Amino acid sequence: ALFLALSVVWLLSDLAFAKHAGITRHYKFDIKMQSVTRLCQTKNIVTVNGQFPGPRIIAREGDRLLIKVVNHVKYNVTIHWHGIRQIRSGWADGPAYVTQCPIQTGQSYVYNFTLTGQRGTLFWHAHISWLRATLYGPIVILPKKHASYPFPHPYKEVPIVFGEWWKADTETIINQAMATGGAPNISDAFTINGLPGPSYNCSAKDTFKLKVKAGKTYLLRLVNAALNDELFFRVANHTLTVVEADAVYVKPFKTDIVLITPGQTTNVLLRAKSKTPSAKFAMSARPYATGPATFDNTTTIGILEYEKSASASKSNHKNLPLLKAKLPQFNDSSYAMKFQRKFRSLATAKFQAKVPKNVDRRFFFTVGLGILPCSKNQTCQGPNNTRLAAAVNNVSFVQQNIALLQAHFFNKSKGVYTTNFPTNPPFKFNYTGTPPKNIMLSSGTKVVALPFNISVELVMQDTSILGAESHPLHLHGFNFFVLGQGVGNFDPKKDPAKFNLVDPAERNTVGVPAGGWVAIRFLADNPGVWFMHCHLEVHTSWGLKMAWVVNDGKGRKQKLPPPPADLPKC
């Protein structure tokens, strides 16, 4: 009881503490194994502080965070603060072998960064191998003190973090897949705040429940922390109002169903019914899957319950019917396209959409699957004894065993990476039509080098090689503006005329439509090495990733400071 009382006092003081502008907040993340039971099976998982999902980070815009991560497990670990701009703090970004060497067993590292010009929901997760399967948690950035939301203030705020659960050990799964060149085993369940819910074997007791009061408005902070699946989400018989995506306010719009890709966050307002209904309501999530591969076609369910008035007896509360939430077909790509188009920046005087109007460099990247040769004296599970792989512009990215940012900063890139990443696909073909006969990829550690502060326009084109598929692409270190998207092959003559340069959505993760394209713009105003990859973890493992090296500018505030003394060594 004393522990509980102290925890509450600590939490309240923590929230009171958060109200003052620009303070420094300290967190300690002990990476340790924890025994957890789900779906009637117990297994040891990697956690932060023994919690699953991990602890919530709460701060205000302008605060500085110092998060000490101590590694007590056998695996190398890094943590990525997904969506945080990391302006001139690239050493704290977290992707293994990109901005840092991993934290080895028994070692620690302090992630030190400031929350500049951002407010909303983001999340943190491991950024090495498949450890983010269980190493993740929400980041809540409140507005500055005395600043209000540009929407009605909610009665309560609730993080809803979607995850993906395997009965088997996820490190073993991906290691076996990489060894054989085949596809890794699919997950056994999806979770809401770590709980699978009643649609799974012996999981009714492990169900997330949201208790609401009639007539009140709730802000649900949705995070998709699943490894390999985009998700549809719906609350039965309730309409949601989307007010923010990837920690940027959007023009509010109403929807029954939210589509959220891995790496994306979406804040929605849920207004409870004015009178307490005599039912409970399913909060359901299940995959949006477009590729040819098998996927985990299960549904995770949480339950929305209304608080009963004092007069209502408890006995009949238990027997209330549970109303189901109807979700789209798993491959409903037209719904996905329509939904993505609804996102618009506020574009007000206070919350501007600073879209780069002029473009300094244009890039056209194909994203998709392919094959690589099998290692000598080995049989592989890909087509015709090859390995399944993935690439950007036909280059399957090879992860080095030293960090690219260090190589860049100390001018030691020779033998680590080359700056000849192709601006366009090496050969043209009908990207969304019949695939070419030769689908062999090249591999290498190639990056694009950019001068400081230039504007970039990038069109990302899905390919039909081994099947058209939606790819949620995540860019580290920046937000970008989503100018337009379409089905089929991008037409450089006709499509740019339709770009939205007035109020496009500003995001850090965007779905490249299955058999289609998306166009984005960003300003390279953040010196460092910035990873860009598909946020379906299986595709990242297969090489659907690359990096942008943004060189220092001339001014002192345009340069990356030297690394911290405790930066891990490889």
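## Domain organisation

In this predicted model, the domain assignment divides the protein into domain 1 (20-142), domain 2 (156-308 + 320-341) and domain 3 (361-550). The centres of domain 1 and domain 2, taken over C-alpha atoms, are separated by 22 Å. Contact between these two domains involves 28 residues of domain 1 and 43 residues of domain 2.

## The four-stranded sheet

An open sheet of four strands has the order β3-β8-β7-β5, and its pairing is mixed. Strands β3 (57-60) and β5 (79-82) each have a single partner strand and stand at the edges, so one side of each is left without a neighbour in the sheet. Neighbouring strands are turned against each other by 20° on average, direction ignored.

Strand β7 (residues 120-126) pairs with β5 in the antiparallel sense, over four bridges. Within this pairing, isoleucine 79 has alanine 126 of β7 as its bridge partner.

## The six-stranded sheet

A further open sheet contains six strands in the order β10-β9-β12-β17-β14-β15, again with mixed pairing. Its edge strands, β10 (189-192) and β15 (248-255), each pair on one side only. From one strand to the next, the twist averages 25°.

Strands β14 (residues 240-245) and β17 (residues 265-271) run antiparallel and are joined by five bridges. Threonine 241 has leucine 269 of β17 as its bridge partner.

## Nonpolar cores

The largest nonpolar core comprises 59 residues, of which Phe29, Ile31, Ile57, Ile67, Trp81, Tyr111 and Phe113 touch the most other members. Strand β8 (residues 136-142) supplies the largest share of this core, with four residues. Excluding residues up to four places away in sequence, tryptophan 81 touches Phe29, Ile57, Ile67, Gln86, Ala92, Asp93, Tyr111, Phe113, Phe123, Trp124 and Ile139. Apart from this core lies another, of 54 residues, including Leu210, Ala245, Phe281 and Ala285. In soluble globular proteins, nonpolar side chains tend to be buried together.

## Salt bridges

The structure holds 15 salt bridges. One of them joins the side chains of arginine 85 and aspartate 525, with an N to O distance of 2.8 Å. This pair links distant parts of the chain, 440 residues apart: arginine 85 is in the loop between β5 and β6 (108-114), and aspartate 525 is in the loop between β31 (516-523) and β32 (528-534). Arginine 85 counts as buried at 15% relative accessibility, whereas aspartate 525 is partly exposed at 27%.

Glutamate 305 and lysine 211 also meet through their side chains in a salt bridge, at 3.0 Å from N to O. Glutamate 305 belongs to strand β19 (residues 300-306) and lysine 211 to strand β11 (residues 209-212), so that distant parts of the chain, 94 residues apart, are linked. The relative accessible area of glutamate 305 is 6%, and this residue is buried; lysine 211, at 44%, is partly exposed. In the salt bridge between arginine 521 and glutamate 457, the closest N and O atoms are 2.7 Å apart. Here strand β31, with arginine 521, is linked to strand β26 (residues 455-462), with glutamate 457, the two residues being 64 residues apart. Arginine 521 is buried, with a relative accessibility of 5%, and glutamate 457 is likewise buried at 5%.

## Backbone geometry

Most residues other than glycine have a negative phi, and most peptide bonds are trans. The peptide bond from phenylalanine 52 to proline 53 is cis, with omega near -10°. Proline 53 is located in the loop between β2 (41-48) and β3.

Tyrosine 97, which is not a glycine, has a positive phi of about 65°. This tyrosine lies in the loop between β5 and β6 and counts as buried, at 16% relative accessibility. Asparagine 384 also has a positive phi, near 50°, and is found in the loop between β21 (361-373) and β22 (386-392). With a relative accessible area of 76%, asparagine 384 is exposed.

Key: Residues numbered from 1 in each chain as written. Predicted model: local features only at pLDDT ≥ 70, side-chain atom pairs only at ≥ 80, totals over all residues. Heavy atoms only, no water. Pairing = 2+ DSSP bridges. Axes fitted to C-alpha atoms, helices over the stretch in contact; angles between N-to-C directions. Core = buried A, V, L, I, M, F, W, Y, C linked by side-chain atoms within 4.5 Å. Buried < 20%, exposed > 50% of the residue type's maximum accessible area, 1.4 Å probe, protein only. Contact = heavy atoms within 4.5 Å. Salt bridge = Lys/Arg side-chain N within 4 Å of Asp/Glu carboxyl O. Domains from an automatic or database assignment.
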